[in-house]
Amino acid sequence: MTSFKTVQSSFLLIALICYQVVFFSCKQTESKVLPDHTKLQAIDSLISAYSDYAGFNGSVLIAHEGEVIYKKGFGLAHMEWDIPNDTNTKFRIASITKPFTAILIMQLVAEKKLDLNKPITTYLPNYPKTTGDRITIHQLLTHTSGIVRDYESAEKTNQYPDRQRPEILIKDFWDLPLEFEPGERFAYSNSGYLILGSIIEEVTGTSYEELLKEKISSPLEMKNTGVDKHRPITKNRAEGYFKGFGEYYNSDYNDLSSITAVGNIHSTVEDLFLLDQALYGEQLLQNKYIDLMFSKHIADPDYGGHYGYGWEIKEKPIGNGTATVKTIGHSGSLNGFCALFTRIPTSNSTIILLNNTRRAYLNSITTAVTGILNDQPYDFPKKPLAKFMTQVIEKDGIEEGISFYKHHKDHADYYVSETELIVAGYRFLHAGNAEDAAAVFRLSIEIFPDRDNPYDSYAEALMTLEKNDEAIKNYKKSLELNPNNNNAKKMLMKLE
């Protein structure tokens, strides 16, 4: 484990990993048909458990056969002021913006203002012809253009492009060579959708924001949906957070209002349900254009399934069995937020999860809910043992906490994780309690004797306690188990 006093980046690494790895080992529910009220109880128990175990902090809406059967907020929209999430809380929906962009493009196609198979230079005459003449709108929509995948990784962009106009961002990468021949394969590209946003504005002479309101949000009365801007005061907007060492922290905030058509929309679960239902009729588009948008245009090898025009088409599991069901939806994530919008056309079911922490277990929740809706067995999250041990330590002391861990480590309702146990130790170390931290690290060595990180972390606590001889022994043991542990090498040089 890298020293957190000397290498700041390790803090971020552990923060990102701590609730990602192994977090939701699960136990199976009994397979039985549930009456409607029991289904609602099961859904509430399931999502409440994820919320309690730091796996969900946001708002949820679930519909079945076109009717909303469950909606609720979990956790806090603003942690500093203890303001709870609700179903009208506005979240940044990140890449769920792309379905909105696809709808706007298809509306322009229906109006004969765009041709899906025309090169993009038809609509952006200043775009370099060497590449622009080879790329079509169809290829931008399906992530098959070959354009550099992310505008922020283009060679001319050295920092996150806050408050820049889309045309400036596009110029940063439009001279770069294509990654592959257009149409050759799928490669998810935020840059491609940034170009789509510019095409929309160029063709209509209207801003993306105004067009979004005119053609989608106003007709559907989506009153809480719009382009997210940093500076204006936006009522009921959630703040974004990430979690590390058992505590929540404010995420760095980026103003993405200029990243047109890519990930710059905020919305609510209730508004997204209005969009979902509109796509079963012809309020926004004729069915032939909706069908084209939802067609499997290209296989998506990275995430499984296929990609349509701005929509992911996947076969997803029903509970924890082998049966699957076709879904149409999209996911999204950015600093402090993640989201998952899942539509199941065969039953007119919808599962919408909007979350204001950087990581959450939205796919696991969706899979379990699908099982509940279809009377199939599903997985329920196990309890994170390190988290509950920490609570016991804070209440009853270190000896009771260690005893609790040992007593429950083989219990079916709990799971053990090396990473989470070490993170628990660092929580005490950073709080100035090196004695308790050392005890937790000793426990991690006992539970995971063949792993190098527990010895490395224990050595750091021993150094804090000025027990350098013991620290040297543990750093050497860590290095023995992992000869590539550069932190152990560095600390041994310092100590010896």
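At what angle do helix α3 and helix α7 pack, and how many Å apart are their axes? Good morning, everyone, let's start right there. Helix α3 (residues 97-110) and helix α7 (residues 190-204) pack at an angle of about 40°, and their axes are 10 Å apart.

Before going on, a word on the model and the terms. This is a predicted model, in which local features need pLDDT of at least 70 and side-chain atom pairs count only at pLDDT 80 or more, while totals for chains, interfaces and linings use all residues. Residues are numbered from 1 along each chain as its sequence is written, and side-chain values use heavy atoms, with hydrogens and water left out. Helices (H or I, at least four residues) and strands (E, at least two) are DSSP runs, numbered from the N terminus. Axes are lines fitted to C-alpha atoms, for helices over the stretch in contact, and angles run from 0 to 180 degrees between N-to-C directions.

Back to our first pair. α3 and α7 are therefore oblique to each other; the scale is under 35 degrees for roughly parallel, over 145 for roughly antiparallel, 65 to 115 for roughly perpendicular, and oblique for the rest. Their crossing is left-handed, a term for the near helix being turned anticlockwise from the far one by less than a right angle, with clockwise giving right-handed. In α3, Lys-98, Thr-101, Leu-104, Ile-105 and Leu-108 meet Asn-190, Tyr-193, Leu-196, Ile-200 and Thr-204 of α7, where contact means heavy atoms within 4.5 Å. By class, the contact of α3 with α7 has six nonpolar, three polar and one charged. Here Ala, Val, Leu, Ile, Met, Phe, Trp, Tyr, Cys and Pro count as nonpolar, Asp, Glu, Lys and Arg as charged, and the others, Gly among them, as polar.

Next, α2 with helix α11 (residues 362-373): the axes come within 10 Å and cross at roughly 165°. α2 and α11 are therefore roughly antiparallel to each other, and α2 passes α11 in a right-handed crossing. Among the residues that meet are Ala-42, Ile-43 and Leu-46 in α2 and Ile-365, Ala-368 and Val-369 in α11. That contact has 10 nonpolar, one polar and one charged residues.

The contact includes Tyr-455, Tyr-458 and Leu-462 of α16 and Ala-471, Tyr-475 and Leu-481 of α17. The residues of this contact divide into eight nonpolar, three polar and five charged.

Now the sheets. Eight strands form an open sheet in the order β3-β2-β16-β15-β14-β13-β12-β11, with antiparallel pairing; two strands pair if DSSP finds at least two bridges between them. β3 (67-73) and β11 (298-299) are the edge strands, each pairing on one side only. Within the sheet, β13 (residues 312-317) and β14 (residues 324-334) pair in the antiparallel sense over six bridges. Ile-313 has Ile-328 in β14 as its bridge partner, and Lys-316 has Val-325 in β14. The hairpin of β13 and β14 has six residues between the strands, and there Gly-319 takes a positive phi near 65°. Tyr-307 is the bridge partner of Glu-312 in β13. With four residues between the strands of the β12 and β13 hairpin, Gly-310 takes a positive phi near 75°.

What lies across β2 and β3? Helix α2 (residues 36-52) does, running at about 30° to β3. Helix α9 (residues 269-278) also packs on the sheet, touching β2, β3, β15 (337-344) and β16 (349-355), and its direction makes about 150° with that of β16.

There is an open sheet of three strands too, in the order β6-β10-β7 with antiparallel pairing. β6 (91-92) and β7 (226-227) stand at the edges with a single partner strand each, so one side of each is left without a neighbour in the sheet. β6 pairs with β10 (residues 265-267) over two bridges, and Arg-92 stands opposite His-266 in β10.
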